[in-house]
Amino acid sequence: MIEEIKSALQDLSIPEKKAFLPRFFKAGKGGYAEGDQFIGVTVPDQRKVAKEYWNRISLNELEQLLSSEIHEHRLCSLLMLVSKFEKSKDTKEKKEIVDFYLKNKEHINNWDLVDTSCYKILGRYCFENQEDSILINLSEEDNLWSKRIAVVSTMFHVKKDSFQLLKKLVITNLNHPHDLMHKANGWLLREMGGRNEEQLLDFLQLHYQKMPRTTLRYAIEKLDENLRQDYLKGRI
């Protein structure tokens with residue numbers, strides 16, 4: 001089945017995309033995804049393949065696909081894993097999928113792979129089972145992708161109007177050196193503000209002057225323009 005899925009994806013390859021994606025995802029020398037390989041398949045096409053195979057593929061087979069050097073193989077495997085988790089009604093099976101995700105997180109090593117999967121699997125599981133320690137531990141690892149998984153996973157909490165974990169994890173990595181963390185922190189703060197602006201303003205009051213500029217810009221993007229300028233110019 002693995003070869004069948006790989007063949008299906010290869011048939012959907014677009015040469016222009018294959019040339020463009022390594023630049024877009026910083027896969028060149030010195031980039032955050034140095035060495036990542038692409039065959040040029042769009043995300044909608046990968047979703048079509050995932051929809052066809054998710055309920056027929058085993059976790060053992062998914063592990064083979066997720067360990068591929070090809071980016072689209074890994075993303076397609078994660079799309080299938082999300083479907084397995086969301087469709088499952090079995091508590092034990094959901095725990096197996098979470099354990100699988102954590103065991104194989106070294107292959108979840110680009111921002112789209114993280115953002116497509118983590119909050120739908122880890123975030124939901126941690127929220128529904130009061131297992132936030134999983135995300136706290138990930139946020140403390142010395143690995144960019146583990147930290148991003150932790151913060152972005154709190155999207156599920158934010159959608160449930162639960163903000164404390166997000167604030168804790170953002171503070172933990174507020175001054176991380178990489179802009180992918182600056183963007184993730186700001187993005188999730190912005191989402192919190194969309195649910196509860198007062199919570200965002202309270203957080204900003206305490207921390208905005210210490211935030212990287214990118215984090216602040218993302219966090220305040222949807223605020224009133226005058227208020228945005230007050231934060232950007234340090235007038236608050």
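Guide: Let us begin with D99, which is partly exposed at a relative accessible area of 36%; buried means under 20%, exposed over 50%, and partly exposed in between, with a 1.4 Å probe and protein chains only. The model is predicted, so local features need pLDDT of at least 70 and side-chain atom pairs count only at pLDDT 80 or more, whereas totals for chains, interfaces and linings use all residues. Residues are numbered from 1 along each chain as its sequence is written, and side-chain values use heavy atoms, with hydrogens and water left out.

The partner of D99 is K95: the two form a salt bridge whose closest N and O atoms are 2.9 Å apart. The term denotes a side-chain nitrogen of Lys or Arg within 4 Å of a carboxyl oxygen of Asp or Glu. K95, at 34% relative accessibility, also counts as partly exposed. Because D99 and K95 are 4 residues apart in helix α6, about one helical turn separates them. Helices are DSSP runs of H or I with at least four residues, strands are runs of E with at least two, and both are numbered from the N terminus.

The domain assignment, which is automatic or taken from a database, gives domain 1 (1-97) and domain 2 (110-235). Contact, meaning heavy atoms within 4.5 Å, takes 18 residues from domain 1 and 13 residues from domain 2. The C-alpha centres of the two domains lie 26 Å apart. About 1500 Å² is buried between them, 69% of it from carbon and sulfur atoms; this is the accessible area (1.4 Å probe) that two parts lose on being put together, summed over both. Y32, V82 and F85 supply 37% of the area that domain 1 buries against domain 2, more than any other three residues.

On the side of domain 1 that touches domain 2, α5 (71-87) and α6 (91-103) each supply at least two residues, and α5 gives the most, with 9 residues. That side divides into 11 nonpolar, 1 polar and 6 charged residues. Here Ala, Val, Leu, Ile, Met, Phe, Trp, Tyr, Cys and Pro count as nonpolar, Asp, Glu, Lys and Arg as charged, and the others, Gly among them, as polar.

What is the count of salt bridges between domain 1 and domain 2? The count is 0, although a search of the whole structure finds 13.

D161 pairs with R195, the closest N and O atoms being 2.9 Å apart. D161 lies in the loop between α10 (155-159) and α11 (164-172) and R195 in helix α12, so the pair ties together parts that are 34 residues apart in sequence. Both ends are partly exposed, D161 at 44% and R195 at 45%. The side chains of E221 and R190 also meet in a salt bridge, at 2.5 Å from N to O. This pair links distant parts of the chain, with E221 in the loop between α14 (213-219) and α15 (225-232) and R190 in helix α12, 31 residues apart. E221 is partly exposed at 46% relative accessibility, whereas R190, at 16%, is buried.
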